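Visitor: I would like to go through this model with you, one question at a time. Please show it first.

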Amino acid sequence: MRPALFMRYSGVLFLSLLVMVSFSASWLTPFAADAVSCAPFATPDAHHWLGCNDAGQDLWSRLLHGSRISLYTGLSVALLATLLATLVAVFSGYRNG
């Protein structure tokens, strides 16, 4: 039985959505990531969807702006690991194992 099309490409769809959201974070967030916009430890409301941290910064804004850094770090590490593994494999093949 063949898996559904959505199940086959769900990882690609999720990663694409994550990339789009992280790169459009400045348009999707109502506050700057480091701006003090409410009282410390404020509960979630209509303006602050996830509430506020101990410094009075909006958690939703910090989450979206931080996703760009996390995504960049993860992709950089994956690219570096792939490059290093390719070099080791080429050297190993050249030296006959």
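Visitor: What share of the contacts in the protein chain with a separation of 6 or more comes from residues 24 or more positions apart?

Guide: This is a predicted model, in which local features need pLDDT of at least 70 and side-chain atom pairs pLDDT 80 or more, while totals for chains, interfaces and linings use all residues. Residues are numbered from 1 along each chain as its sequence is written, and side-chain values use heavy atoms, leaving out hydrogens and water. Contact means heavy atoms within 4.5 Å. For the protein chain, the share from residues 24 or more positions apart, among contacts with a separation of 6 or more, is 41%.

Visitor: Which pattern does the protein chain follow along the sequence?

Guide: Helices (H or I, at least four residues) and strands (E, at least two) are DSSP runs, numbered from the N terminus. The protein chain has 4 helices and 0 strands. Read along the sequence, the pattern is α-α-α-α.

Visitor: Is the protein chain more spread out or less spread out than a compact globule, and what is its radius of gyration?

Guide: The globule rule is 2.2 Å times the number of residues to the power 0.38, and the radius of gyration is taken over C-alpha atoms. For 97 residues the rule gives 13 Å, and the value for the protein chain is well over that, so the chain is more spread out than a compact globule. Its C-alpha trace spans about 65 × 40 × 20 Å along the principal axes. The radius of gyration is 20 Å.

Visitor: What percentage of the 97 residues in the protein chain is buried?

Guide: Buried means under 20% relative accessible area, exposed over 50%, and partly exposed in between (1.4 Å probe, protein chains only). By that cut-off, the buried part of the 97 residues is 16%.

Visitor: With which side chain does the side chain of His65 make a polar contact?

Guide: His65 lies in helix 4 (residues 59-94) and counts as partly exposed because its relative accessibility is 22%. Not counting residues up to four places away in sequence, His65 touches Ala25, Ser26, Thr29, Phe31 and Ala33. A polar contact is a pair of N or O atoms within 3.5 Å; within protein, one must be able to donate a hydrogen and the other to accept it, and residues adjacent in sequence count only if both atoms are side-chain atoms. At 3.3 Å, the partner of the His65 side chain is that of Thr29.

Visitor: How far apart in space are Asp54 and Phe41, C-alpha to C-alpha?

Guide: Asp54 is in the loop between helix 3 and helix 4 and is exposed, at 54% relative accessibility. Leaving aside neighbours within four places in sequence, Asp54 is in contact with Pro40 and Phe41. Asp54 and Phe41 are 13 residues apart in sequence, and their C-alpha distance is 5.3 Å.

Visitor: The backbone nitrogen of which residue lies 3.1 Å from a polar atom of the Asn53 side chain?

Guide: Asn53 lies in the loop between helix 3 and helix 4 and counts as buried because its relative accessibility is 16%. Apart from neighbours within four places in sequence, Asn53 is in contact with Pro40, Phe41, Leu59 and Arg62. The backbone nitrogen at 3.1 Å from its side chain belongs to Gly56.
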